[in-house]
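This report describes one protein chain for a reader who has its sequence and model at hand. Please look over both before reading on.

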Amino acid sequence: MAKIKKDDLVQVLSGKDRGKQGKVLEVRTADERVVVEGVNRIRRHLRAGQFGNTEGGIVESEAPIHISNVAVVDPESGRPTRVGYREETVERDGRTKTVRVRYAKASGKDL
């Protein structure tokens, strides 16, 4: 189970973009990779009409990086942290329900 979800703020732990922070655009659970905004940018030279591209040229986009090379950013300190789960009981409409909540292990704040 991937502890990193879409729209999480993550920090890169290793590689050429080490230390950069960005929002997760896509999580690929099959090959355990994530696409992070502004991180691991690649340039691809395309001819006109290739991959649905109407005009040719050099296209820059984000390439996926392995999920083990990123960590979720703690909302309190702004530093990378591990993610944990805890179960909380919530009362809605007179019913008690158990929900799983993700939290930052460093500060204990909900994500």
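The sections below cover the model, the sheet, the core and the salt bridges.

## The model

This is a predicted model, in which local features need pLDDT of at least 70 and side-chain atom pairs count only at pLDDT 80 or more, while totals for chains, interfaces and linings use all residues. Residues are numbered from 1 along each chain as its sequence is written, and side-chain values use heavy atoms, with hydrogens and water left out.

## The sheet

Six strands make an open sheet, ordered β6-β3-β2-β1-β7-β8, with antiparallel pairing. Strands here are DSSP runs of E with at least two residues, numbered from the N terminus, and two strands pair if DSSP finds at least two bridges between them. At the edges are β6 (65-66) and β8 (80-81), each of which pairs on one side only.

β1 and β2 (residues 21-28) run antiparallel and are joined by three bridges. Gln11 stands opposite Gln21 in β2.

## The nonpolar core

A nonpolar core is a set of buried Ala, Val, Leu, Ile, Met, Phe, Trp, Tyr and Cys residues joined through side-chain atoms within 4.5 Å. Buried means under 20% relative accessible area, exposed over 50%, and partly exposed in between (1.4 Å probe, protein chains only). The largest such core has 12 residues, among them Ile4, Val12, Val34, Ile67 and Val72. The elements giving two or more residues to this core are β1 (9-12), β3 (33-36) and β7 (70-73).

Ile67 is in contact (heavy atoms within 4.5 Å) with Ala2, Ile4, Glu32, Arg33 and Val34, leaving aside neighbours within four places in sequence.

## Salt bridges

In a salt bridge, a side-chain nitrogen of Lys or Arg is within 4 Å of a carboxyl oxygen of Asp or Glu. The structure holds 10 of them. One joins the side chains of Asp8 and Arg102 (2.9 Å, N to O). Asp8 lies in the segment before β1 and Arg102 in strand β10 (residues 95-104), so this pair ties together parts that are 94 residues apart in sequence. Asp8 is buried at 11% relative accessibility, and Arg102 is buried at 13%. The side chain of Asp8 also has a polar atom 2.9 Å from the backbone nitrogen of Lys5.

Arg86 meets Glu88 in a salt bridge (3.1 Å, N to O) and Asp110 in another (2.6 Å, N to O). The Arg86 and Asp110 pair links distant parts of the chain, strand β9 (residues 83-92) and the segment after β10, 24 residues apart. Arg86 is partly exposed at 28%, and Asp110 is partly exposed at 40%. Elsewhere, Arg41, Arg43, Glu60 and Glu62 are linked in a network of salt bridges.

Technical notes:
Helix = DSSP H or I, 4+ residues; strand = E, 2+ residues; numbered from the N terminus. Polar contact = N/O pair within 3.5 Å; in protein donor to acceptor, adjacent residues only side chain to side chain.
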